[in-house]
Amino acid sequence: MAGSSVTPTPLLKDELDIVIPTIRNLDFLEMWRPFFQPYHLIIVQDGDPSKIINVPEGFDYELYNRNDINRILGPKASCISFKDSACRCFGYMVSKKKYIYTIDDDCFVAKDPSGKDINALEQHIKNLLCPSTPHFFNTLYDPYREGADFVRGYPFSMREGAATAVSHGLWLNIPDYDAPTQLVKPRERNTRYVDAVMTIPKGTLFPMCGMNLAFDRELIGPAMYFGLMGDGQPIGRYDDMWAGWCIKVICDHLGLGVKTGLPYIWHSKASNPFVNLKKEYKGIYWQEEIIPFFQSATLPKDCTSVQQCYLELSKQVKEKLSTIDPYFTKLADAMVTWIEAWDELNPTGEGLAKPSISNGPGK
């Protein structure tokens, strides 16, 4: 009997795409084979499009390089970053599935404290398929999880929760630090496994990391734009954080939930802190003004779709952040181009879904 080696029945096999940005051969997929092989992969090749990317046999995938992006989007390809992992969001746009899981190619299978391999994708799916609690914090974290519940004092009228749009996973080994922290703590490793999933409260921003992330494409997909980063841009390594700030403001407005915590992946290697500092240094200054902008951003009630919300946010970015640097005018224009390209490739109204779960009393 090979009880422990039986391949688990994959959840949402035909409803989820795995998006991977890369510049190298995808040998890392071998360790993910038990968990990823049943699913369709969308590989977004960054850098030199003439380079051949090898994918292990047995995976169902489509691969797009820069030539493909230019061919499919035409002039609107200008909104997709080059020489930066932000190019992954092109995969979100061309997917036709309801759910997306995106992972970096230096992220390996982690083990839980008992030594068992963690099926990160399965945990993300569980996070997305059960409600969130953005309007009232539960001190036992996720109340819908087996072995937990709503604590005494939690309003019964709010226990139905809100639809979950985003599941933000974490990392063991190399933490996702900025360059100054990397330089101060070059040997620090994250060894703490915290067995918890929690909803990020309404009105609270967070630094979203794109290396282990899942989301409901129909609920929030058009807002998952990773901005203009990399080649020809004055900033890098803020792609996922920009998307995180945008999606959080929009999720709060639409009454959707964002979860963080489990699952963990094993982040295998640290990027060069000196290279990172060069990419980040403007962002480190700029974020001191960007964060208050997003904290105070409000969207009008007549913005009822993600696209409407995102276009409104782009106007506010141009109006209020362009004084920091002309880059933000360019970024605001790219946000509009992104939505135009999204709607061209998704003409049936994908991404316009409304939350189907109650947003709490009086909503």
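**Reading the core, the cysteines and a serine**

Guide: Gladly. In the largest nonpolar core, which has 71 residues, those that touch the most other members are Ile220, Met224, Tyr225, Trp242, Tyr310, Phe328 and Trp338. Keep in mind that this is a predicted model.

Visitor: What is the general idea behind such a core?

Guide: In soluble globular proteins, nonpolar side chains tend to be buried together. Take Tyr225 here: beyond its neighbours within four places in sequence, its contacts include Cys79, Cys89, Trp242, Tyr310 and Trp338. Another core, of 30 residues, lies apart from the largest one, and Leu26, Phe35, Ile43 and Leu128 are among its members.

Visitor: How many disulfides are there?

Guide: First the idea: a disulfide is a covalent bond between the sulfur atoms of two cysteines. The count for this model is zero. For Cys107, the nearest cysteine sulfur is that of Cys209, 7.3 Å away, and a disulfide needs the two sulfurs within 2.5 Å. Cys246 is in no disulfide either, as its nearest cysteine sulfur, in Cys251, is 11 Å away.

Visitor: Is Cys246 buried or exposed?

Guide: Cys246 is buried, because its relative accessible area is 0% and buried means under 20%.

Visitor: Where is Ser132?

Guide: Ser132 sits in the loop between α4 (120–129) and β6 (164–173). Ser132 is buried too, with a relative accessible area of 0%.

Visitor: Which side chain joins that of Ser132 in a polar contact?

Guide: That of Thr164, at 2.6 Å. Leaving out residues up to four places away in sequence, Ser132 also touches others, including Tyr144, Thr199, Gly257 and Lys259.

Conventions. Residues numbered from 1 in each chain as written. Predicted model: local features only at pLDDT ≥ 70, side-chain atom pairs only at ≥ 80, totals over all residues. Heavy atoms only, no water. Buried < 20%, exposed > 50% of the residue type's maximum accessible area, 1.4 Å probe, protein only. Core = buried A, V, L, I, M, F, W, Y, C linked by side-chain atoms within 4.5 Å. Contact = heavy atoms within 4.5 Å. Helix = DSSP H or I, 4+ residues; strand = E, 2+ residues; numbered from the N terminus. Polar contact = N/O pair within 3.5 Å; in protein donor to acceptor, adjacent residues only side chain to side chain.
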